[in-house]
Each structure stands twice: as C-alpha cells, then as structure tokens.
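Biologist: Before I plan anything around this protein, I would like to learn how to read its model with care. Could you take me through the features one at a time, with the general idea placed before the particular case?

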Amino acid sequence: MKTCLWMAIAVLFLTALFVGCKPRTEKEGGGAPALTLSPEGASPGMVVRVTTAQPAFSDATAARIEIGGQPAAIAKWVSATEVDVLVPNVAAGESQVKVTGGKVSETAAFMVLPASAQELVLQLKEGRFELMAVHPTADEPDMVTRSQEPQLSYDLVNAQGGLVFTGSIDHPAQARMELFDGPNAREAILRREPPHPGHPVVFTLKVPIVPRGSTVKFYEAAPQVNLLDAAARQNRRPVGEIELEK
C-alpha cells in the first residue's frame with residue numbers, strides 16, 4: 001500500500017515539474033510582446049507607432065486598427081509589421097489598441113491623454129462666422145503672426161471674460177491666395193490671386209481648450225500690425241464671435 005502511495009506521489013511530482021517547465025508563449029511573457037506601441041500614451045491627433053510581432057500590414061489597408069473602439073487612421077505605412085496611426089477623438093483615460101488583419105488579432109493597453117488644444121473648423125459667409133466642427137488636437141495653438149496680408153485677429157476669452165489666448169492668421173476672405181500653375185511642382189508657376197467676394201470661405205484655427213466654456217472674438221486688422229501691442233489691438237475692428245461649448 002505504501003509503495004503505491006509513493007508511486008502516486010512521484011507521478012504527481014513529475015507531472016507538476018513538466019508543466020512548470022513548459023516554455024512560455026509571447027502572450028505569457030516569455031518573449032517579445034505580440035503588439036507594441038510607441039509611445040504608450042498620446043493625445044487625440046498625435047501619431048503612435050504600432051508594431052506587430054507577425055506581419056499584419058502588407059499595405060496600408062490590410063489591417064484594421066482601433067483605439068478605444070474607434071478606427072485609427074494610418075498616417076504612414078512603414079513595413080509589414082509597422083505603421084504610424086493617428087489617435088482618434090476618444091475620451092482621455094485607460095484604453096486599448098486593437099489590430100485585426102490576416103492571421104493577426106492582438107490588443108495592447110494604451111493611455112489616451114487629454115487633448116492640449118482644439119481645432120476649430122469655421123465658415124465665413126456674408127460676413128458671419130459659423131462653427132462647423134471641433135476636433136481635439138495635440139498641435140500647438142496658432143500664434144500671432146505679422147504678415148503683409150490683411151489679418152484676421154482673434155481673442156479666446158473664458159466665461160468670466162478674461163483673455164486666455166490671442167492669435168491671428170491671414171484674413172481668409174481678404175488675403176491673396178497662393179496658387180500654382182503647371183503640370184508638376186518643379187515647373188509650377190506661383191501666382192497670387194485676389195479674394196473672391198461673396199463666396200463662402202472655410203478655414204481652421206487651433207486654440208487652447210478652456211474648461212467651462214469660452215468665446216472666440218474676431219477682429220480685422222491691417223497688415224504688418226504688431227497685434228501683441230496694446231495700442232494696436234485697440235485699433236482692431238470687431239467683426240463677429242462664436243461660443244464654444246463647455
């Protein structure tokens with residue numbers, strides 16, 4: 001009886017030893033991870049390098065990439081195992097990147113960081129500004145410029161009316177547009193075409209995100225004016241404003 005008992009114990013010991021020495025797979029941590037991200041956290045609008053252990057990207061459309069359940073657009077195809085993607089407009093916090101394509105179906109943890117700025121898509125039609133879309137972005141806000149063209153100056157003010165940010169761009173409805181004529185870029189001829197009065201103009205601005213709402217106030221300013229100078233700012237002509245949601 002004792003002999004049988006000792007034999008049973010020996011069998012159990014050898015079985016446990018064999019199972020414990022089993023080679024670990026990549027997913028169990030014994031080798032390179034199946035999916036790596038660089039960086040492992042980014043804001044909407046930033047680029048992230050996605051690398052798979054197995055080929056998943058025979059071309060830019062071979063695989064589906066999602067971040068936080070939203071499709072992530074491929075900004076650059078690098079190789080069969082690497083692509084650069086744009087972080088979509090998803091909520092900040094812990095998230096996941098998922099790659100599905102061919103024989104590859106992998107996920108990796110990812111941290112979505114708060115967007116540092118927002119891009120405003122605006123339309124100027126018959127002298128009125130209309131907000132068409134708002135996109136979080138990791139880019140820096142547009143700053144004040146000095147140009148030979150008429151300027152569209154703008155102030156971002158908070159809910160209390162305090163100035164948060166100021167910027168300017170060449171006036172989209174007054175500045176001359178740079179156009180290229182020619183069959184290709186090397187032979188193109190640069191010409192500057194005057195504005196087209198009465199036609200709607202779509203343009204974008206990048207401004208900081210302000211908690212609890214903000215307002216963008218627009219002004220027309222003459223060319224070459226230093227819009228950081230207090231006296232020059234007093235000479236701007238108000239032309240409209242838009243409110244941004246809280």
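Modeller: What follows goes from the whole chain to its strands, its cores and its salt bridges. This is a predicted model, in which local features need pLDDT of at least 70 and side-chain atom pairs count only at pLDDT 80 or more, whereas totals for chains, interfaces and linings use all residues. Residues are numbered from 1 along each chain as its sequence is written, and side-chain values use heavy atoms, with hydrogens and water left out.

Biologist: How many helices and strands are there in the protein?

Modeller: Helices (DSSP runs of H or I, at least four residues) and strands (runs of E, at least two) are numbered from the N terminus. Here the protein has two helices and 18 strands. Buried means under 20% relative accessible area, exposed over 50%, and partly exposed in between, with a 1.4 Å probe and protein chains only; 33% of the 246 residues are buried.

Biologist: In what order do the strands of the open sheet lie?

Modeller: Strands of a sheet pair through backbone hydrogen bonds, either parallel or antiparallel. Two strands are taken to pair if DSSP finds at least two bridges between them. The open sheet of five strands runs S2-S9-S8-S4-S5 with mixed pairing, and its edge strands, S2 (41–42) and S5 (70–71), each pair on one side only. Within this sheet, S4 (residues 64–67) and S8 (residues 93–101) are antiparallel over four bridges, with Glu 66 opposite Lys 98 in S8. Elsewhere, S12 (residues 151–158) and S13 (residues 163–170) run antiparallel and are joined by seven bridges; their hairpin has four residues between the strands, and Gly 161 takes a positive phi near 90° there.

Biologist: Which residues touch the most other members of the largest nonpolar core?

Modeller: A nonpolar core is a set of buried Ala, Val, Leu, Ile, Met, Phe, Trp, Tyr and Cys residues joined through side-chain atoms within 4.5 Å. The largest one has 21 residues, and those touching the most other members include Val 50, Phe 57 and Ile 65. Strand S9 (104–112) is among the strands that each supply at least two residues of this core, and the largest share, four residues, comes from S9. Apart from it lies another core, of 19 residues, among them Leu 156 and Val 201.

Biologist: Is Phe 203 buried or exposed?

Modeller: Phe 203 lies in strand S16 (residues 201–208) and is buried, because its relative accessible area is 7%. Contact means heavy atoms within 4.5 Å; leaving aside neighbours within four places in sequence, Phe 203 is in contact with residues including Leu 120, Phe 129 and Ile 169. The C-alpha atoms of Phe 203 and Ile 169 are separated by 9.9 Å, although the two are 34 residues apart along the chain.

Biologist: Which residues are linked with Arg 49 in a network of salt bridges?

Modeller: A salt bridge is a side-chain nitrogen of Lys or Arg within 4 Å of a carboxyl oxygen of Asp or Glu, and by this rule the count comes to seven. Arg 49, Glu 82 and Asp 84 are linked in a network: the closest N and O atoms are 3.5 Å apart for Glu 82 and Arg 49, and 2.3 Å apart for Asp 84 and Arg 49. Asp 84 lies in strand S7 and Arg 49 in strand S3, so this pair ties together parts that are 35 residues apart in sequence.
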